[in-house]
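This report walks through selected features of one structure.

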Amino acid sequence: PAMFQSSCPLEKRTVGVVHRDDSKLFAGYTLICNGCETYLLDEDGRVVHEWRSSREVFTARILPNGNLLRDGSDNADAVCFQAGGAAGYVEEVTWDNELVWSFAMQPNTKHLTHHDVCPLPNGNVLVMVWDRLTKEQWIAAGRRPDLLPQNEAWADTILEIKPEGKSAKIVWRWSIMDHLIQDFDANKSNYGDVGAHPELFDVNFCAPLGKPGVRNRDLLYEKTKRTNPSGQKPIGMPAAPTGEKDWNHSNGLSYDPVLDIIAISLCNPCEVIFVDHSTTTAEAASHTGGKHGRGGDILYRFGNPAVSRRGGRTEQTLHSQHSPQIIRDAPGEGNLLLFNNGRAPDRQWSTVEEHKLPEKFGIHEPGPLPAAQPVWEFGPSQGKSGSFYCTHISACQRLPNGNTLICQGPLAILIEVTPKGEEVWRYVSPVCSTESMVIFARQGGQRIAPAGCSFSLFRATKYAREYEGFKDRALEPRRYLEA
């Protein structure tokens, strides 16, 4: 269409939209965040609206009322939580960037929001929180002392907050600490057979060498390092201690209104777990209650059966995954979609996968866990044309026409593919920013980030042109981000 015009032909572009098939892509606007900037882009990569924050923004969502829900990094002040995805603030701002409300867990020496936020149909918001617990608290929960090398660890907590005035109040809470099991200390109340209770999480499961070891298995074999002929490099992180304080590195969540459950991505165990949201806070801390009758226990887990001792390491299918979501109002209804990052050196490519969940979760039954069946996948294996590898972050979204939007996070590249895997849109993000500067790559040139700056994108979300949040909003193309 004539509305998709540019002064630079597609075949000569190096950044921005470098490929586009208007007859097959899903018409809509794409939201991205980098540094303190949030941009809403049209199909040709032109800015139709933008927001600026005083803090770096990891993730944002446009609400049905047209306001923006976003997080905000307090990393400079939250010195006890120096880790990827650390935030500290959740806030809503108007279309014109005026603050509606702001929420922060205090003190930030004990709690910190991180990674993801999820708006709920009732206007409330789900928030991921790290709770910083002492060595003594973990030992009281049955953790082996030798798995506390940093004398602390962070517990995974999900809060539901309700906007109230200029802030928000906590109205629901789920914590992994209420659903632990261990077979180390028989004097503790949560002592039991780990393999017999997959609805609980083993407090002593700690990924060897932490996040770096999960993403790069070669760190486990320091004396026998292997080479990879592809030339692709693993993430450049030194080994962490086994039992590092960022224990599970939970990195994403989503809410399913049909089943009233929450999907949580646990990066280090390489699992997606599902918990009941219909519970009260008291029920969420117990093992009974809620629509599913299991309180806050794990209803289903998927990706790495070795964690629950219901399988071996060769049965692991997920690797540092991100962006789990149950598909609704799009082809694949009811299936699970996620970004499977991969790992070095033996699974050094990424895939976006769609899985059919079991009709009955049934993980409380003896034997192997009920399997989620793969029904669609995009991401050729290493060495094949079109293969890509994202060591960390990254996301995906099923679109109403059946296409899938894929955010190749560390590469800051967005692609849209059809159900048959045909690429119909590609965006190479030209923006690199921090709290103090914004840099745009020049059209025709290549992206080069200065020290301390990154082109990476945690997530991208595409909204239909007729999305209710855009009603009566001016969405005229203003400019391209690329210089």
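## Cis prolines

Pro345 lies in the loop between strand 20 (336-340) and strand 21 (351-356). The peptide bond from Ala344 to Pro345 is cis, with omega near -5 degrees. Pro107 sits in the loop between strand 8 and strand 9. The bond joining Gln106 to Pro107 is cis, with omega near -5 degrees. Strands (E, at least two residues) and helices (H or I, at least four) are DSSP runs, numbered from the N terminus.

The model is predicted: local features need pLDDT of at least 70, side-chain atom pairs count only at pLDDT 80 or more, and totals for chains, interfaces and linings use all residues. Residues are numbered from 1 along each chain as its sequence is written, and side-chain values use heavy atoms, with hydrogens and water left out.

## Positive phi

Most residues other than glycine have a negative phi, and most peptide bonds are trans. His115 has phi near 65 degrees, a positive value in a residue other than glycine. This histidine, His115, lies in strand 9. At 3% relative accessibility, His115 is buried. Buried means under 20% relative accessible area, exposed over 50%, and partly exposed in between (1.4 Å probe, protein chains only).

Asn151 also has positive phi, near 65 degrees. Asn151 is in the loop between helix 1 (135-140) and strand 11. With 48% relative accessibility, Asn151 counts as partly exposed.

Two strands pair if DSSP finds at least two bridges between them. Ten bridges join strand 10 (residues 125-134) to strand 11 (residues 152-164). Leu126 has Glu160 of strand 11 as its bridge partner.

Another open sheet of four strands runs 5-6-7-8, again with antiparallel pairing. Strand 5 (60-62) and strand 8 (99-103) are at the edges, each with a single partner strand, so one side of each is left without a neighbour in the sheet. The twist averages 20 degrees from one strand to the next. Axes are lines fitted to C-alpha atoms, for helices over the stretch in contact, and angles run from 0 to 180 degrees between N-to-C directions. Three bridges pair strand 5 with strand 6 (residues 68-73). Ile62 stands opposite Leu68 in strand 6.

## Rings and charges

The whole structure holds 18 aromatic pairs. The rings of Trp425 and Tyr427 have centres 6.0 Å apart and planes at 5 degrees, so they are stacked. Rings of Phe, Tyr and Trp (its six-membered ring) pair if their centres lie within 6.5 Å; planes under 30 degrees apart count as stacked, over 60 as edge-to-face and the rest as tilted. Trp425 is buried at 2% relative accessible area, and Tyr427 is buried at 0%. Ring pairs also link Tyr29, Trp51, Trp95, Tyr463, Tyr467 and Phe470 into a cluster.

The charged end of Arg55 sits over the ring of Tyr89, 3.5 Å from its centre. A charge sits over a ring if NZ of Lys or CZ of Arg is within 6 Å of the ring centre and within 35 degrees of the ring normal.
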